[in-house]
Amino acid sequence: MRRQKMANAMVTSKTKEEDIMECFLYPKFCYAAEPDAVTEARLSEEVAKYNEEIAPFVADHIWHSDSLTFRPRTKQAMLLNRTLEGSAVEEDYHTLPHIYASLRFDEDIGDEWLTVFLIFRLTKVFDGLIARVVDSDGEFLLIEAANVLPLWASPETCQDRVFIHNGDIHVIRERGTSFPNLLNNINGKPHISKMSEKVQLVLQKRLGIYPDEIRKRKHKARAYLPEKAASILRLEPRLISSVIRTICHSDPFERKVCRAMRYFPPEQRTMVNVKMTKCLYAMAKHCRYTGDPKTGWNIPPATCSKYNAHVLGVKIACGLEMLVARANEERRKRIKEQSDVPDDGEKLKLNEPAFNAYLARLEANGYFRDLLEGSQERDKLLSTAKEYFLKHATLFDNLTNLYESDAQKVLEAWENIQTNDIEMHAQDETMLSPADTDSWLNVDPAQLEVYLNQQWGNVNKKLDQEPLSLREKVQTFLSQTSDVDGVHFLEEQSMDNDMQDAEDGARIDFDADVFDSTLRGILDLVVPGGEGEFDGSSEGSLGGDDEDKGGDMDKYMRLLDSQLQSQMVKDENSVADDDNNSADPVEASLRESIEAEAGGSGPAGNIIGGPVRRLMHLQLQSPTTVPPDLQS
């Protein structure tokens, strides 16, 4: 419940693109030294160390969309980028040098958690390294551990305040401190910002399946492919992700090029093994497109043992055909545009107003550091700004999207394939290793039950509990505490209270609600109805003496006794008239409120959960008070 609420709150405030995660890595020298002193060369050396550390884990991994690529970011580069975008540089949070990575994982969330595992590992290996990871949902690490978070942890208080240090998750609660000082505090005093052990254990359990999960996510399938297609995938096995995503996301208009199959004709095919992830195999398996029937694929009947290999081969070949056709079209457009593109000097002249505004924003943001015009330092910064402007200006931005980049790789591989390569890669079908079983695609109810129990505990325990009656629900609601966020139910806070037991074991617990109810029970004077009982117990407890018996106290007690007797008689009469034979004051009060509301909105209707028309199981005491529209 808490996880769902936090995830919804994160989603409502997100502005990032879907299915993309961002990683910000801050080596120790980035926040311990002056930001201007951190150079791109120094960051590039650190990137090389990170790549060397994670290489054994990602060497044979097939990324679903993007691969994990670290890029250095200096203060000067970030100032140029934000100025070019027209964004204001509000704080040092935006200009502190760091190493950045952006990963699009699309349908395969496993790539996201593999990246998190690698980031956690890097923070353990490299001393002083502090990292942040966010995605389109925001602080998804806290969403994963939402059921064990303390009550103060909310999307508002934790946004952009979650960090990873030495393999542990930290949340910074202090405000008003500069960003470099925050990172120094995490590194120097980690016990202050480190989350509880229960939060750490939840994330450790989620990441504990790695690196074994990398091997388990792989799948080997048999496919009957055109010879060129088989050679391309043997030389570039990672292109399989682009191929399958292309055919699965294509529409009928894009599939028109698959009628002719100019680049991968079906006449010469061979049986091969294709490696991919389970997610890619599931996508290909559930894709309904099986090629144009007029092309000549000659797919065997569904009862044939080679049917699945033929169908998978058709889908892969069509995906390759679409990528090559797309790359050729983009190449023609690029050649035509390059003939009309001016040189750098003409670009600046054509874009002179935008370039002058760009320089003015750089000056206002302190990019030139008040250096004198004509000085070597200022000329060097000006040259860097010109290069960045020419490279990233919107008018001359020739960057292509992800699919176009993948299409270009497939086209280059297709052009480089030689006849000798095809003959060398050809194998006898009998020599192929057996394909992996795809029984994991089918999940029976027993397996689903086991999985749910592993993730969220035994769900049958809650189902076996008897439902609360109306009286018990109302009493439970009225006994809860409320603040500006509404009522906090005890069952929703039980896990939060358990999480704080280990931290608060050495101090005395004080429950204000229990203390208040206990004190009320002590001070609540209940006077019995019998006069003899009053003389035998209550008078002694009041501490009265012989001189007070005939005084004001005696008169007061007799008056109180008479009022109590009359009230008891009245209650007995009301109980006798009650069709439900219920003496519960809560239900009696509810009935009186419902009768007074007469079917409209009011406190009783709001507590119970809707208009009185829904409460058909309740019987009103007086039919004459029922509104005319409810009488039958």
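A crossing of two helices is left-handed if the near helix is turned anticlockwise from the far one by less than a right angle, and right-handed if the near helix is turned clockwise. The legends below use these words for a predicted model.

**Figure 1. Overview of the predicted protein.** The protein has 632 residues, of which 37% count as buried. Its secondary structure comprises 29 helices and 10 strands.

**Figure 2. The contact of helix H3 with helix H5.** Helix H3 spans residues 40-58, and its axis lies 11 Å from that of H5, at an angle of about 135 degrees. The two helices are therefore oblique to each other. The crossing in which H3 passes H5 is right-handed. From H3, the residues Tyr50, Glu53, Ile54, Phe57 and Val58 take part, and they meet Phe117, Leu118, Arg121, Leu122 and Val125 of H5. Sorted by class, the residues of this contact are 8 nonpolar and 2 charged, with no polar residue.

Figure 3. The strands follow the order E2-E3-E1-E4-E5-E6, and their pairing is antiparallel. Strand E2 (71-73) and strand E6 (168-171) stand at the edges; each has a single partner strand, so one side of each is left without a neighbour in the sheet. On average, neighbouring strands are turned by 30 degrees against each other, direction ignored. Within the sheet, strand E1 (residues 20-26) and strand E4 (residues 130-135) are joined by 6 bridges in the antiparallel sense. One of the residues involved is Cys23, whose bridge partner in E4 is Val133. Helix H5, formed by residues 109-125, lies across E1, E3, E4, E5 and E6, and runs at about 5 degrees to E1.

**Figure 4. The contact of helix H13 with helix H14.** Helix H14 covers residues 278-286; the axes of H13 and H14 are 10 Å apart and form an angle of about 30 degrees. Their crossing is left-handed. H13 contributes Ser241, Ile244, Arg245, Cys248 and His249 to the contact, while H14 contributes Leu280, Met283 and Ala284. The classes represented are 5 nonpolar, 2 polar and 1 charged residues.

Figure 5. Ile247 belongs to helix H13, which is made of residues 240-249. With a relative accessible area of 2%, Ile247 falls under the 20% cut-off and is therefore buried. When neighbours within four places in sequence are left aside, the residues in contact with Ile247 are Arg255, Cys287, Tyr289, Lys315, Cys318, Gly319 and Met322. One of these contacts, Cys318, is 71 residues away along the chain, yet the C-alpha atoms of Ile247 and Cys318 are separated by 6.9 Å.

Figure 6. Leu312 is placed in helix H15, which runs over residues 307-338. Its relative accessibility is 8%, so Leu312 counts as buried. Apart from neighbours within four places in sequence, Leu312 is in contact with Ala221, Arg222, Ala223, Met276, Tyr281 and Ala284. Between Leu312 and Ala284 there are 28 residues of separation in sequence and 7.1 Å in space, taken from C-alpha to C-alpha.

Notes. Residues numbered from 1 in each chain as written. Predicted model: local features only at pLDDT ≥ 70, side-chain atom pairs only at ≥ 80, totals over all residues. Heavy atoms only, no water. Pairing = 2+ DSSP bridges. Helix = DSSP H or I, 4+ residues; strand = E, 2+ residues; numbered from the N terminus. Axes fitted to C-alpha atoms, helices over the stretch in contact; angles between N-to-C directions. Contact = heavy atoms within 4.5 Å. Buried < 20%, exposed > 50% of the residue type's maximum accessible area, 1.4 Å probe, protein only. Parallel < 35°, antiparallel > 145°, perpendicular 65-115°, else oblique. Nonpolar A, V, L, I, M, F, W, Y, C, P; charged D, E, K, R; others polar.
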